Amino acid sequence: MQNILEVKNLKKYFATQKAVDDVSFSIAKGSIFGLLGPNGAGKTTLLRMITGIFYPDEGEIMLNGKKFSPENDIGSIGYMPEERGLYKKMKIGEQAIYLAQLKGLSRQEAREKIKEWFVKFEMQSWWDKKVEDLSKGMSQKLQFVTTVLHEPDLIILDEPFSGLDPVNANLIKDEIFRMSKQGHTIIFSTHRMEQVEEICNHIILLNKGKKILDGSVKQVKNDFKENLFRIEFEDQLLPEHTAIHLFQVISKNDHELVIKKNEDFSTNDILQFFITKGLHIHSFNEMLPSLNDIFIRLVEATPRARQFETINA
Amino acid sequence: MNKIGLIIQREYLTRVKNKTFILSTFMLPIVMILFIVGSTFFAIKSREKRKVAVVNDPGYFRSNMKSDSSSVIFDFNAVADSTNYEAKGYDGILYLPAVGSNKYELRSNKQFGLDSKGYIERQLNKAIENNMLEQRGIEKTTLDSISKASDNAVELNNIVKEKNGESRQANAGLAYGVGFGSGILIYITMFIFGAMVMRGVAEEKMNRIAEVIVSSCKPFELMMGKIIGIAGVGLTQFLLWIILIFALMSSLQFFLPAETMQQIQDAQQSQQGIPGGANNTMALKIMEAKTTLIEGVNWGLIIFCFLFYFLGGYLFYAALFAAIGSVINEDPQEAQSLMLPITMPIIFGFIILTSSLQNPNSPVAVWASIIPFTSPIVMMGRIPFGVPQTVPYWQLGLSMISLIGGFLVTTWFAGKVYRTGILMYGKKASWKEMAKWAFRK
């Protein structure tokens, strides 16, 4: 599949921090890409470089196979920053038109698209209201609409669900899936791991400005698996059932067993063992680690808070 | 439409459609005219009239002291003393001393105002002077004819020689009025609209919309769009004010009774006697400027220069105000300390303006009108005194070029600071840090 975005050896040093330190990755067209990392990992700085707000110190960004130039490519990117905002005193319809025009849409085009979206999100009555009349969740919806209105190739969403109730969060999630199917690429930055697992195809993990993990969600989980299995039985478990070199027992109760398989044996060996013991197996599942566990394991090995240092770049 | 055009349009329209703008545009001229007319009107109406009984006249005061029906009336035939003057309808009683003493005494229940007291003193002095002259042998009739002839005998005209040999009548009063008026207007607007730019930038930063916008356009476009849009607001407001003031001035005579207008005009002609000086003098100068079309004043040049210095001065400072707006945070107090280095030169400019109106060719005035920090204010105070008589062409040219150059420098500096500051939350930056941002690659 063709890559929409390729980032090569990107660096951005500030006076006291290496905010982004030699990061490379690529994003396939139409995928939903998760950008993860603890607070202060450099996610926002990275996104600001991709959106042309910051110039990188070193490295290059390729968009659709061509070198990214903020002036020409700005219209094909939609960016919803984590710290979002709108003009409080401006009428909502006017504001949406203004933001769309800045992205290069004509006034007429913008008006039609906004009307469509407002119908879809049941926001028709908002047109002549001001942003200061909206609740946080409502302005969040509006912000999402203004971000994707010009149908950019690359949509960058920084914590898009914060402040939304489950119903509205689902509304936006469905839109994300729909747009991804239509070929738009979505970069999704967050530290809510359960959302990443649900939504993203591919993730990278940043910590202290460096990339420490890169891969598809499935592959990452596989890489971090610990050979844990959960087995449920019809019958009562007896002590003799677990005294075997095939696995270690992690936990057990009357009908359920969690085991860690020893490297040298296959799952079939284990099944075979239970079958020969005459036990009826109800279910047999591999327990893959959650992204949350992986995240914590990777990040915990390093100091919690980012320290200030002097950079001589 | 290109992006900067869109931004200018938004900045302009949101402000012009604002209720505060509409209110201030229409209220200010009305308030100003009411103030001018009202203060003149009340000054005339409220002038005190005093009736004074004069006793112990040794003889020569009666013939030499003139009553003025609008301020003090002397009655030399009064049969009154300090106990009953009030009952007889007098406001005060004036005791003239015996010859050789200078103890004049005015008794009254209410204190006399400065004007009335001054009038009585002048009349007494005049009487004594006349009496002395008569004692030296000058006839009373001669005296009267002299004083009649010398009253308002002089009208001092300052004729300035032009380069081409022609002479021109200089009107220092008018030049003073126009210079002061336009200088102070530029001074005030630099503060009002400069602060408007600063607040606008700070608001975008606080609202966190700045990051959304700069992902659609260059930070410099956002900053310049705001500055230009607000300049448009300022020009619109000026234009409306001028139209409204002229319209109100000319419609005023239909609403006020003729005699009041006459009184106002009288008051203007004999400026003295109207208390409350400066405002009225200002108003008179403005009225004079409006009603008299005097040859030798190049109105076209003055208007052009006014617009040039208004825009130049505004652009020069607005960029700096935008830079401050981009580095401050929630606390508006933070702006205060950063603004000091900007407001000081503007205030200096105003101080130099007042002195350069007295002496438009002093070295301080000349240099202050060339250096871009003060030139918009000071130069406008000098130009009405004549180009090229008072302000040679080289000075005007140098001043304009340095203002344009200064504007380019401040805008470049502000642009650098702005693009860093607008996305920087947390602590406010000092001027030193801003300079570091500006000179970074």
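Start by selecting A:Lys8 and A:Glu60: in E4(A), A:Glu60 is the bridge partner of A:Lys8. Before moving on, a word on what you're looking at. This is a predicted model, where local features need pLDDT of at least 70, side-chain atom pairs count only at pLDDT 80 or more, and totals for chains, interfaces and linings use all residues. Residues are numbered from 1 along each chain as its sequence is written, while chains are lettered from A and ligands numbered from 1 in the order in which they are written.

**Stop 1**

Now widen the selection to strand E1 (residues 3-13) and strand E4 (residues 58-63) of chain A, which run antiparallel and are joined by 5 bridges. Strands (E, at least two residues) and helices (H or I, at least four) are DSSP runs numbered from the N terminus, and two strands pair if DSSP finds at least two bridges between them.

Angles run from 0 to 180 degrees between N-to-C directions, with axes as lines fitted to C-alpha atoms, for helices over the stretch in contact.

**Stop 1: a covered strand**

Select strand E8 (residues 185-190) of chain A. How many of its residues are buried? The count is 6 of 6. Buried means that 20 or more other C-beta atoms lie within 10 Å of the residue's own; exposed means 12 or fewer, partly exposed is in between, and C-beta atoms are placed from the backbone. In a regular strand the side chains alternate between the two faces of the sheet.

E8(A) has parallel partners to pick out. Strand E3 (residues 32-36) of chain A pairs with E8(A) over 5 bridges, with A:Ile32 opposite A:Ile186. Strand E7 (residues 154-158) of chain A also pairs with E8(A) in the parallel sense over 5 bridges, and there A:Leu157 has A:Phe188 as its bridge partner.

Just after H6(A), click A:Gly183, which takes a positive phi of about 105 degrees.

**Stop 2: the other domain of chain A**

Color chain A by domain: domain 1 is 3-222 and domain 2 is 226-287, with bounds from an automatic or database domain assignment. Taken over C-alpha atoms, their centres are 45 Å apart.

Further along chain A, find the open antiparallel sheet of 4 strands ordered E12-E13-E11-E14. Its edge strands, each pairing on one side only, are E12 (247-252) and E14 (281-287), and the twist averages 25 degrees from one strand to the next. Strand E11 (residues 228-233) pairs antiparallel with E14(A) over 6 bridges; look for A:Arg230 opposite A:Asn285.

**Stop 3: over to chain B**

Chain B comes to 16 helices and 6 strands, and buried residues make up 31% of its 441 residues. Where it meets chain A, 15 residues of chain B are in contact with 16 of chain A. Helix H1 (3-16) and helix H7 (209-214) of chain B each supply at least two residues of that side of chain B, with H7(B) giving the largest share, 5 residues.

Now select B:Ser24, found in helix H2 (residues 19-45) of chain B. Why is it partly exposed? Because B:Ser24 has 14 C-beta neighbours inside 10 Å. B:Trp241 is 217 residues away along the chain, yet the two C-alpha atoms are separated by 9.8 Å.

Finish with B:Ala322, which touches B:Val197, B:Ile227 and B:Tyr418, among others.

Conventions
Two residues are in contact if their C-beta atoms, placed from the backbone, lie within 7 Å. Lists of a residue's contacts leave out its neighbours within four places in sequence.
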